[in-house]
Amino acid sequence: MSLPPTAVRGFKDILPEQARLFRFIEETARVVAERFNYQELCPPILEKTELFTRGIGEDTDIVEKEMYTIVEGSADSLSLRPEATAGMVRALIENNLAQGGKIAKFFCLGPMFRRERPQKGRLRQFHQLDVEVFGTPGPYIDAEVIDFLHTFLTKLGLNDLSVVLNSLGCPDCRPLFRKALSAFLEQKRPALCLDCQRRLERNPLRILDCKNPSCCALTLQAPSLSSFRCLKCQEHFDGLQDSLKALNINFVVDDKLVRGLDYYTRTAFEVQSGQLGAQNAAAGGGRYDGLCLKLGGPDIPAIGFASGLERLAMLIEQSNQSFLLAPPSPDYYIALLVQEALAPAMILVQKLRALGQKISCDWEVGSLKSRLRQADKAKASKILILGPDELAQGLATVRDLNTKEQVCIPINQPDLF
Ligand code: HAM
């Protein structure tokens, strides 16, 4: 006998409890987006692979080894999106959404795919809220985007998270830092982990982010990004910090915060939580001023972030908000005590649902005692009983399961229920 099918590693079913949490998170995101006047823009899940290689960067882990790519004959190579930013930029350019220097603010919600090693908080299919703002270079918009994230997390009931901030410099000053860092690390090459030895040629900044204890120890003495920052980048960073202070958003500056995607310039940030384990980022983002131009569009400055719904759900589950996990309770449980009740019950239930009542019915006939047990299990507010006496008079007995009060209502008058 063949074995029953199993899901693909790293791809998880979203079971009802998790789905309720996701819905709460998504609804909260939409409320916040409306207050901030950000519009929903949904790029497709599948894009040309080239968009991601050019957009995210060929030397990133994501593009090097984590994409799900489909190649069909001579057609373009296609990939499931590992993130949403590149697709958002493509959509902006292709649909002319920033015409005439217009500031454009968008968000999207949906699944992303990365072939990473699955572990706690790290899946191969995961879901993000992604937020992007195009068309304005100043630090105030960086502060607004972080304020969006902060408002969203606060509305989810997640208060003790830390906002970690850095400025990664610009094409003027970052190459100088990169050169100094490479020279320093080159001398220590044998002590670096194998991944970082590879990164040394192609992406030395990522070494600052390595969790390997020997690499961490080495980078403690490495040149610091802040001492290479140019005046304009420093002014931008100071402006952002002043704005966040004015908004009462606590943050810490971490000179070693670098991000796993190549497109960032200046501002980079993460929201981290000690409760998430090794994968501690609940959200991450930053400014990516050169990406539109690099992808063949106009030169539009941009900033955004993304937050992982699975990690947010983990934090909400730990935050004493168990009411969010409970299934919604129906208004009525329909108790069918005789076979003849089935046909009139079906018509009544359809009418009650059309009137907006939440009805639970399993279409099984049984004793009142067993039906009461089911009503209790379903956590219904009331039980609607259709037995032989009720049917003879065209009535239904309605019992409030909290107060135990009971009334009889004609079944041909659904609006009285
Ligand atoms: P990211 O840091 O790669 O940034 O991902 C953002 C968030 O998505 C992470 O902080 C985490 O919550 C979640 N996440 C990432 N990978 C996984 C995974 N394998 N399993 C579960 N959750 C995960 C980006 O994606 C950028 N596009 C963010 C951005 C938008 N930057 C500018 N605009």
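## Surroundings of Thr-397

In this predicted model, Thr-397 is in contact with Ile-383, Leu-384, Ile-385, Glu-390, Gln-406, Val-407 and Cys-408, leaving aside its neighbours within four places in sequence. Thr-397 itself is found in strand 15, which covers residues 395-400.

The relative accessible area of Thr-397 is 5%. Buried means under 20%, so Thr-397 counts as buried. The side chain of Thr-397 also makes a polar contact with the side chain of Glu-390, at 2.5 Å.

Glu-40 is found in strand 1, made up of residues 39-40. With a relative accessibility of 37%, Glu-40 is classed as partly exposed.

Not counting residues up to four places away in sequence, Glu-40 touches Arg-30 and Phe-107. The side chains of Glu-40 and Arg-30 make a polar contact at 2.8 Å. Glu-40 and Phe-107 are 67 residues apart in sequence, yet their C-alpha atoms are 5.0 Å apart in space.

## Helix 1 and helix 5

Helix 1 (residues 16-36) and helix 5 (residues 139-155) have axes that come within 10 Å and cross at roughly 140°. Helix 1 is therefore oblique to helix 5. The crossing of the two helices is right-handed.

On the side of helix 1, the residues that meet helix 5 include Phe-24, Ile-25, Val-32 and Phe-36. Among their counterparts in helix 5 are Glu-144, Phe-148, Phe-152 and Lys-155. By class, this contact between helix 1 and helix 5 has 9 nonpolar, 2 polar and 4 charged residues.

Notes:
Residues are numbered from 1 along each chain as its sequence is written. This is a predicted model: local features need pLDDT of at least 70, side-chain atom pairs count only at pLDDT 80 or more; totals for chains, interfaces and linings use all residues. Side-chain values use heavy atoms; hydrogens and water are left out. Axes are lines fitted to C-alpha atoms, for helices over the stretch in contact, and angles run from 0 to 180 degrees between N-to-C directions. Helices (H or I, at least four residues) and strands (E, at least two) are DSSP runs, numbered from the N terminus. Angles under 35 degrees count as roughly parallel, over 145 as roughly antiparallel, 65 to 115 as roughly perpendicular and the rest as oblique. A crossing is left-handed if the near helix is turned anticlockwise from the far one by less than a right angle, and right-handed if clockwise. Contact means heavy atoms within 4.5 Å. Ala, Val, Leu, Ile, Met, Phe, Trp, Tyr, Cys and Pro count as nonpolar, Asp, Glu, Lys and Arg as charged, and the others, Gly among them, as polar. Buried means under 20% relative accessible area, exposed over 50%, partly exposed in between (1.4 Å probe, protein chains only). A polar contact is a pair of N or O atoms within 3.5 Å; within protein, one must be able to donate a hydrogen and the other to accept it, and residues adjacent in sequence count only if both atoms are side-chain atoms.
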